[in-house]
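Please look over the sequence and the structure shown here before reading the report.

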Amino acid sequence: MKPEIIKTADGSDTLYVRNIDEHYHSTFGAVQESRHVFIEAGLLTCQHSPLTIFEAGFGTGLNAWLTFLESSKKGLDIHYFSIEKYPLSDEIIESLNYSSYLDDKTGTFSGMHKAPWNEEIKLSDHFILHKISGDLATFDFDLIPELDLIFFDAFSPEKQPELWDLSIFNSLYAHTSWNGKLVTYCAKGSVRRALNHSGFVTERIPGPPGKREMLRATKRDDVLMC
């Protein structure tokens, strides 16, 4: 079914998939959720540049675009990989209000979506985008470099349990650099335990508006798992 555009509480759009009863972002605010979970709790905690980032679920491109804006503001060199099994149509992308909401004078948001799949595209002196058309559950991580930061933004474990499987976290852990991080909006105990079992050290941290907690996981030598 075609996703429906829904206005969230902060004025930014999200998408609702009726047949699985799932939103792409929090209805309390799509942009503020993405900023809180992936930029503030993820990107801004990284202390070095360049960074290799992997996103599970390109979706609307909001996380990628917010990362691009931050890289331009702070001069961060970022190689951004994002995998998506079901890309959105041009019609839906053009109907989302992110460009006007965040005053995209350069047209970069649209450019991200028009960029070809499975190719490296240099969007600025600081940002390279590589969109992968594929399935996270079967993706061969040997095809990409070691990861410094992971944005895990798949649909919820209730809707896509196969994407929250221990085998995927094991693969991510194996391809993450030392002190690399994974951030996700999800704080379920089963997800935390799977991340711990794969080797990550997890912490529950405050979530975005409307959500009490989220998870951040780090690849480090630490026996204490929060």
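The report below describes a predicted model, beginning with a pocket and going on to aromatic rings.

## The largest pocket

In this predicted model, the largest pocket holds about 1,100 Å³ of space. Of the 49 residues that line the largest pocket, E22, H23, Y24, A154 and F155 are the closest to its centre. The lining is made up of 23 nonpolar, 16 polar and 10 charged residues.

Several elements give two or more residues to this lining, namely β3, α1, β4, α2 and β5, and the largest share, 3 residues, comes from α1.

## Helix α1

Helix α1 is mostly covered, with 8 of its 11 residues buried, and the buried residues are A30, V31, E33, S34, H36, V37, F38 and I39.

## Aromatic pairs

The count of aromatic pairs comes to 15. The ring centres of Y24 and F155 lie 5.2 Å apart with the planes at 90 degrees, so this pair is edge-to-face. Because Y24 belongs to the loop between β3 and α1 and F155 to the loop between β8 and α6, the pair ties together parts that are 131 residues apart in sequence. F155 is buried, with a relative accessible area of 16%.

The rings of F38 and F151 have centres 5.1 Å apart and planes at 55 degrees, so this pair is tilted. Since F38 lies in helix α1 and F151 in strand β8, the pair ties together parts that are 113 residues apart in sequence. Both F38 and F151 are buried, and together with F68, Y80 and F127 they form one aromatic cluster.

## Charges over rings

The charged end of K131 sits over the ring of W117, 4.4 Å from the ring's centre, while the charged end of K219 sits over the ring of Y173, 4.5 Å from that ring's centre.

Methods. Residues are numbered from 1 along each chain as its sequence is written. This is a predicted model: local features need pLDDT of at least 70, side-chain atom pairs count only at pLDDT 80 or more; totals for chains, interfaces and linings use all residues. Side-chain values use heavy atoms; hydrogens and water are left out. On a 1 Å grid over the protein atoms alone, a cavity is a set of points where a 1.4 Å probe fits but cannot get out, and a pocket is an open set with protein on both sides within 12 Å along at least five of seven lines; lining residues have an atom within 4 Å of a point. Grid points are joined across faces, edges and corners, and a volume is the space filled by probe spheres set on the points. Helices (H or I, at least four residues) and strands (E, at least two) are DSSP runs, numbered from the N terminus. Ala, Val, Leu, Ile, Met, Phe, Trp, Tyr, Cys and Pro count as nonpolar, Asp, Glu, Lys and Arg as charged, and the others, Gly among them, as polar. Buried means under 20% relative accessible area, exposed over 50%, partly exposed in between (1.4 Å probe, protein chains only). Rings of Phe, Tyr and Trp (its six-membered ring) pair if their centres lie within 6.5 Å; planes under 30 degrees apart count as stacked, over 60 as edge-to-face and the rest as tilted. A charge sits over a ring if NZ of Lys or CZ of Arg is within 6 Å of the ring centre and within 35 degrees of the ring normal.
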